[in-house]
Amino acid sequence: MKRWTSLAVTATALLCLLAGGAAWAEPGVPALTVEPNTGGGETWSLSLQALLLMTLLSMLPALLLTTTAFTRIIIVLGLLRQALGTGQTPTNQVLVGLALFLTMFVMMPVFQKSYEAGIEPYLNEEMEFQQAWTAASLPLKEFMLSQTRDADLLMFSQLSESGPFESTADVPFPVLAAAFLTSELKTAFQIGFLLFVPFVVIDLVVSSVLMSMGMMMLSPMLISLPFKIMLFVLVDGWVLVIGSLAGSFRGL
């Protein structure tokens with residue numbers, strides 16, 4: 001439990017570094033200033049950088065969802081539920097919770113590298129913020145690049161009129177994030193298609209049998225649903241799907 005907590009803190013700190021890199025690009029400007037009043041009071045004011053950082057922090061949930069393995073996992077789980085035809089079972093809360101824990105499992109090595117490379121030295125005051133930001137974001141960029149298709153990266157590079165890039169650190173984060181998210185959507189739908197095939201076959205078989213028996217008024221979905229659930233349970237479907245999802249990020 002302690003390790004998971006430290007990884008969550010690492011992920012939050014890494015995303016904070018990513019969000020706050022632009023806000024703190026110019027060092028030496030105080031985030032909070034206090035000016036004495038003539039009546040003996042004090043006036044507190046925030047700098048523009050601090051306000052910008054607070055605004056960027058509101059984007060942390062979006063960064064977490066779009067720069068990690070969460071997007072692919074939640075889409076595949078949602079398509080699996082549709083393929084089974086179980087309606088809202090499992091519920092959205094269950095799927096999101098499962099996707100979050102599986103995302104933490106997949107991203108554990110990346111967050112660990114980021115913590116050791118940039119966050120820990122920064123917390124120990126051994127590295128400046130700008131250097132820590134670059135070092136901590138590099139493992140995340142490498143992970144995103146390993147899951148991004150070259151065609152998607154090239155398209156967004158042309159749209160932003162940037163590139164070619166000599167190294168991972170040279171890839172602009174907005175370009176990489178857009179290309180990564182597009183690639184994740186394509187990969188998720190490819191996996192979802194493979195999940196749909198066996199269940200569609202069951203629907204076709206049940207529908208053909210009912211038609212041959214003249215039972216046209218009976219819904220094929222009502223009959224095929226127990227068979228699809230039974231097939232999914234017999235092959236230990238949840239373990240296969242979750243294991244395949246985790247393995248797809250590590251090339252297994």
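**Close-up 1. What covers the buried residues of helix H7 in this predicted model.** The buried residues themselves, in a helix that runs over residues 150-159, are Asp152, Leu153, Phe156 and Ser157. They take up an arc of only 130° around the axis, so they sit on the same side of H7. Turn to the other side of H7 and you'll find Asp150, Ala151, Gln158 and Leu159, which are exposed.

**Close-up 2. Helix H6 and its kink at Leu138.** H6 takes in residues 129-146. Its 18 residues, at 1.5 Å a residue, should span 26 Å, and since the end C-alpha atoms are 26 Å apart, the two agree. There's still a kink of about 30° at Leu138, shortly before the proline Pro139. Pro139 is also one of the buried residues of H6, together with Phe129, Ala132, Ala136, Ser137, Leu140, Lys141, Phe143 and Met144.

**Close-up 3. Ala188, a buried residue of helix H8.** This alanine lies in H8, and it counts as buried because its relative accessibility is 0%, where the cut-off is under 20%. Who are its partners from further along the chain? Leaving out residues up to four places away in sequence, Ala188 touches Arg72, Ile75, Val76 and Leu79. For a sense of the distances here, take Leu77: it is 111 residues from Ala188 along the chain, yet their C-alpha atoms are separated by 9.4 Å.

Technical notes:
Residues are numbered from 1 along each chain as its sequence is written. This is a predicted model: local features need pLDDT of at least 70, side-chain atom pairs count only at pLDDT 80 or more; totals for chains, interfaces and linings use all residues. Side-chain values use heavy atoms; hydrogens and water are left out. Helices (H or I, at least four residues) and strands (E, at least two) are DSSP runs, numbered from the N terminus. The expected span of a helix is 1.5 Å times one less than its number of residues. The bend at a residue is the angle between axes fitted to the seven residues ending there and the seven starting there. Buried means under 20% relative accessible area, exposed over 50%, partly exposed in between (1.4 Å probe, protein chains only). The arc is that of the directions from the helix axis to the C-beta atoms. Contact means heavy atoms within 4.5 Å.
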